[in-house]
Amino acid sequence: SLLVLCGRSPPLRVSLFPRVLLGELEAHQDAWPFLLPVDQRSVPGYRKVIRRPMDLSTIRGRVSSNQYPDTEAFLSDLALVLDNCERFNEDRSEIGRAGLRLRSFLERRWAQLLQQS
Ligand SMILES: Cn1cc(C(=O)NCCN2CCCC2)ccc1=O
């Protein structure tokens, strides 16, 4: 309705996009390396190499407690998950390939959602 559209904040449905996208990422078959924080004791070198760890459960917690001031802050945490993955893993490794496939899904799906706005 016009009331929703003329407010300064984005229309309600656009503000739901992060929750829609996050739910689909959590359910994605390539999300398994990213669902929980990397166990830094069981992955040699991770703590030293990756200065800002991030994972989908941490993002879920921040979304649920409204800790993202705007959509860009949410998208930058998502990008951090996948940038960390590319930094730490060979592209041709199981986890590296999962990260590349999940990033491709994320980019295509986000563009699709924006077409609906
Ligand atoms: C993103 N990422 C993840 C790992 C990892 O080992 N995750 C655990 C994966 N398993 C899934 C079921 C039990 C645990 C290592 C390096 C890395 O960059």
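Modeller: Helices here are DSSP runs of H or I with at least four residues, and strands are runs of E with at least two, numbered from the N terminus. The model is predicted. By that count the protein chain has seven helices and zero strands. Read along the sequence, the pattern is α-α-α-α-α-α-α.

The C-alpha trace spans about 55 × 25 × 20 Å along its principal axes. The chain has 117 residues, and 33% of them are buried. Its accessible surface comes to about 7,700 Å². Carbon and sulfur atoms account for 55% of that surface. Consider contacts between residues at least 6 apart in sequence: 60% of these join residues at least 24 apart.

Now the helix itself, α6. Helix α6 covers residues 71–88, which is 18 residues. From first C-alpha to last, α6 reaches 26 Å. That is close to the 26 Å expected at 1.5 Å a residue.

Which residues of α6 are buried? They are F74, D77, L78, L80, V81, L82, N84 and C85. Buried here means under 20% relative accessible area. An α-helix has 3.6 residues a turn, so residues three or four places apart point the same way. The list for α6 includes F74, D77, L78, V81 and C85. What do the buried residues of α6 pack against? Their partners are α3 (17–27), α4 (46–49), α5 (56–64) and α7.

On to the ligand. The residues around the ligand are P33, F34, V38, Y46, N89 and I95. By class, this shell holds five nonpolar residues, one polar residue and no charged ones. N89 supplies a polar side-chain atom that lies 2.8 Å from an oxygen atom of the ligand. Taken alone, the ligand exposes 440 Å², and the protein buries 58% of that.

Last, the segment after α7. Helix α7 spans 94–115, and Q116 is found in the segment that follows. Leaving aside neighbours within four places in sequence, Q116 is in contact with R13, F17 and R109. Q116 and N66 are 50 residues apart along the chain, and their C-alpha atoms are separated by 23 Å.

Conventions:
Residues are numbered from 1 along each chain as its sequence is written. This is a predicted model: local features need pLDDT of at least 70, side-chain atom pairs count only at pLDDT 80 or more; totals for chains, interfaces and linings use all residues. Side-chain values use heavy atoms; hydrogens and water are left out. A residue is near a molecule or strand if one of its heavy atoms lies within 4 Å of it. A polar contact is a pair of N or O atoms within 3.5 Å; within protein, one must be able to donate a hydrogen and the other to accept it, and residues adjacent in sequence count only if both atoms are side-chain atoms. Accessible areas come from the Shrake-Rupley method with a 1.4 Å probe; for residues, only the protein chains shown count as cover. Ala, Val, Leu, Ile, Met, Phe, Trp, Tyr, Cys and Pro count as nonpolar, Asp, Glu, Lys and Arg as charged, and the others, Gly among them, as polar. Contact means heavy atoms within 4.5 Å. Buried means under 20% relative accessible area, exposed over 50%, partly exposed in between (1.4 Å probe, protein chains only). The expected span of a helix is 1.5 Å times one less than its number of residues.
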